[in-house]
Amino acid sequence: MADILIVEDDKKINELILRTLSMMGHRGLPAFSGREALLALLGEQPDLILLDIGLPDMDGFLLMRRISEEYADIPVICVTARDEVPDRVKGLRGGAEDYIVKPFAMEELLARIQVVLRRFHKEQTIFNIRDIEVDLAGGIVKKAGHTIQLTNREFELLKVLLINKNIALSRERLLSLAWGMDFYGDDRTVDVHIRRLRQKLGMEEDIKTIFKYGYRLEM
Ligand code: CA
């Protein structure tokens, strides 16, 4: 999938992001300072840069401006602390594609990464699970070479599960991601659609039920 440079001086957060990204099939490249980030960019061509603004050795905004000038084709997502929030607009003006405020949920970070990768046409659009092939861009789902008809909602749900593969998603989260924030529904709505997806695609084993929580697509 994508190579992502993680510029974050907090070792624990860097490590956590790295692990989450690799679970999603991305390759994370850790950098713990501005200097390390610039060094990494000399040898690597990441698809995206996650940039913590609060760095020990450099002004994160200056670093971002430099990156957006020298590596204009690499999108940057800024990570800022809550007390730096007024700086967010400044961050976006300085060339960031998006920003995320600490502390953040990994799901949210992944969702934002996905959006930016899609915008830059760097995301994965074809997924294969055994004999199932899902073309997210084309909206086509095939099983053993045969097209399977899904409703729009089933397709959206499958897409959310694929993009967040190997991550447990709560029913509320699935509702908001696949149906939209303003949808009025309950947990059973999710259960019914998951059941249909499992039946239509034979994904009983792939879509795991997380007791009293939600679901996880394992692949
Ligand atoms: Ca920091």
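**Close-up 1. Helix 1 and helix 5 are oblique to each other**. This is a predicted model, in which local features need pLDDT of at least 70, side-chain atom pairs count only at pLDDT 80 or more, and totals for chains, interfaces and linings use all residues. Residues are numbered from 1 along each chain as its sequence is written, and side-chain values use heavy atoms, with hydrogens and water left out. The axes of helix 1 (residues 11-23) and helix 5 (residues 106-119) cross at roughly 60° and come within 11 Å.

**Close-up 2. The contact of helix 1 with helix 5**. Helix 1 brings Leu16, Ile17, Thr20 and Leu21. Helix 5 brings Met106, Leu109, Leu110 and Ile113. Contact means heavy atoms within 4.5 Å. Seven of these residues are nonpolar, one is polar and none is charged.

**Close-up 3. Asp9 and Gly54 in their loops**. Asp9 lies between strand 1 (3-7) and helix 1. Gly54 lies between strand 3 (48-52) and helix 3 (60-70). The pair therefore ties together parts that are 45 residues apart in sequence. Asp9 has 29% relative accessibility and Gly54 has 32%. Both count as partly exposed, which means between buried (under 20% relative accessible area) and exposed (over 50%), with a 1.4 Å probe and protein chains only.

How values were computed
Axes are lines fitted to C-alpha atoms, for helices over the stretch in contact, and angles run from 0 to 180 degrees between N-to-C directions. Helices (H or I, at least four residues) and strands (E, at least two) are DSSP runs, numbered from the N terminus. Angles under 35 degrees count as roughly parallel, over 145 as roughly antiparallel, 65 to 115 as roughly perpendicular and the rest as oblique. Ala, Val, Leu, Ile, Met, Phe, Trp, Tyr, Cys and Pro count as nonpolar, Asp, Glu, Lys and Arg as charged, and the others, Gly among them, as polar.
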